[in-house]
Amino acid sequence: MRRVVRQSKFRHVFGQAVKNDQCYDDIRVSRVTWDSSFCAVNPRFVAIIIEASGGGAFLVLPLHKTGRIDKSYPTVCGHTGPVLDIDWCPHNDQVIASGSEDCTVMVWQIPENGLTLSLTEPVVILEGHSKRVGIVVWHPTTRNVLLSAGCDNAIIIWNVGTGEALINLDDMHSDMIYNVSWNRNGSLICTASKDKKVRVIDPRKQEIVAEKEKAHEGARPMRAIFLADGNVFTTGFSRMSERQLALWNPKNMQEPIALHEMDTSNGVLLPFYDPDTSIIYLCGKGDSSIRYFEITDESPYVHYLNTFSSKEPQRGMGYMPKRGLDVNKCEIARFFKLHERKCEPIIMTVPRKSDLFQDDLYPDTAGPEAALEAEEWFEGRNAEPVLISLKHGYIPGKNRDLKVVKKNILDSKPTANKKCDLINVPKKTPDMASVHNEAKLDEILKEIKSIKDTICNQDERISKLEQQMAKIAA
């Protein structure tokens, strides 16, 4: 019997590290013992969490700023404790969120051409966690919605545009949350936790939709991410400390669709997923390789493609969104690998003889336009990502500034659901409301009167001065 090799256009994905002069050198990468990727990338900037005295900081470098980075290069340094996680906003390439050991989440606006001075003032500080914040993830399709998870086992979903916490899931996890992932349209989240459970949660209904105990039996950290078709992909460890990957259907979490054992290394596997090509890249912390797999509908569902190996182990990894890739070189992924003292881009390409645009490698991908506003999503609407074509490459447009409008807490309507009520506003009776409105009206009338008086006084003064001038002129 001749063995038939499975057909796939990604069988020969070719990984290559860039030359030394295109790396970012002399960067003191953070030594914090936390299993986040320490690096976030978009088509304009690369952000890297670094060692910093007296608080937490991260670097934000324009992509073209390669070579040796000066020790005095400006940083983003408003946190009072080490930064644990950073994430670029998918709808604005100049906005980045950071979570820190100081229990706060901060949202920053980066100037268009990068930093010239260190940035210490965030656009907004989001306070609500009682312990360090290790996870921040933006909503994939809605503007200004940010999720944060802390070591207080709580997940908070914020409206960044108003600086308010609108959903607080504080009683769903009994142990530390390892990671949180949104699904394709942002209607559900899935989480992996220290209690070895994988949960699928509807955040707006505040209920667990599906749950799997002991998804991986080992004690070391797990990861769980949503795939484009709604299935959940997990990485973890077996009881014998072998690294595993598994694929689950949230409608039936009894048995995995597929379960593969990989090796006995002890680094946590960070999964990076490309919904356009259905390829998952696994980067182990402390590994010196990136393995990649293709997810299909045919058994065994998770197909091993290849491994990119290098000499140096990785401290962290950044993953470029699809719109930041070079379509002319058939580039299907770009990683930013963190060493101890530098950041090294690694480019994954599918070799093709033709110079023409390869439609099959680049289906329409998620663009920078948000499909919904925050208020629409919180009211219950869902929308798929707004797709763009990469046929002529992606040209970053002008981003609008992030504006935060602080609402008057006294005017906010008390929510029916107490869990959402982080700030317990006393419910207003109609009388109180009318008293409040009358007081406000009086205040406005007084202000109008004082302005009118001022104008009258100024009119008199002007006419006197005009008279004096007329006398002098005469």
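Predicted model: local features only at pLDDT ≥ 70, side-chain atom pairs only at ≥ 80, totals over all residues.
Me: Why is R199 called buried?
Reply: Buried means under 20% relative accessible area, exposed over 50%, and partly exposed in between (1.4 Å probe, protein chains only). R199 has a relative accessible area of 2%, so R199 is buried.

Me: What makes the contact of R199 with D195 a salt bridge?
Reply: A salt bridge is a side-chain nitrogen of Lys or Arg within 4 Å of a carboxyl oxygen of Asp or Glu. The closest N and O atoms of R199 and D195 are 2.7 Å apart, and the pair therefore qualifies.

Me: How do you know that E217 and R239 form a salt bridge, and where in the chain do they lie?
Reply: Their closest N and O atoms are 2.4 Å apart, so the pair meets the criterion. The pair links distant parts of the chain: E217 is in the loop between β19 and β20, R239 in the loop between β21 and β22, 22 residues apart.

Me: Why is E217 called partly exposed, and why is R239 called exposed?
Reply: E217 has 31% relative accessibility and so counts as partly exposed. R239, at 63% relative accessibility, therefore counts as exposed.

Me: What makes strand β21 largely enclosed?
Reply: Strands are DSSP runs (E, at least two residues), and helices are runs of H or I with at least four, numbered from the N terminus. In β21 (residues 232-237), 6 of the 6 residues are buried, so the rest of the structure largely encloses the strand. Both faces are covered, with V232, T234 and G236 buried on one side and F233, T235 and F237 buried on the other.

Me: How do you know that β21 pairs with β20 and with β22?
Reply: Two strands pair if DSSP finds at least two bridges between them. There are 4 bridges between β20 (residues 223-226) and β21, so these antiparallel strands pair. The bridge partner of R223 in β21 is T235. Between β21 and β22 (residues 243-248) there are 6 bridges, so these antiparallel strands also pair. Here F233 stands opposite L247 in β22.

Definitions and conventions:
Residues numbered from 1 in each chain as written. Heavy atoms only, no water.
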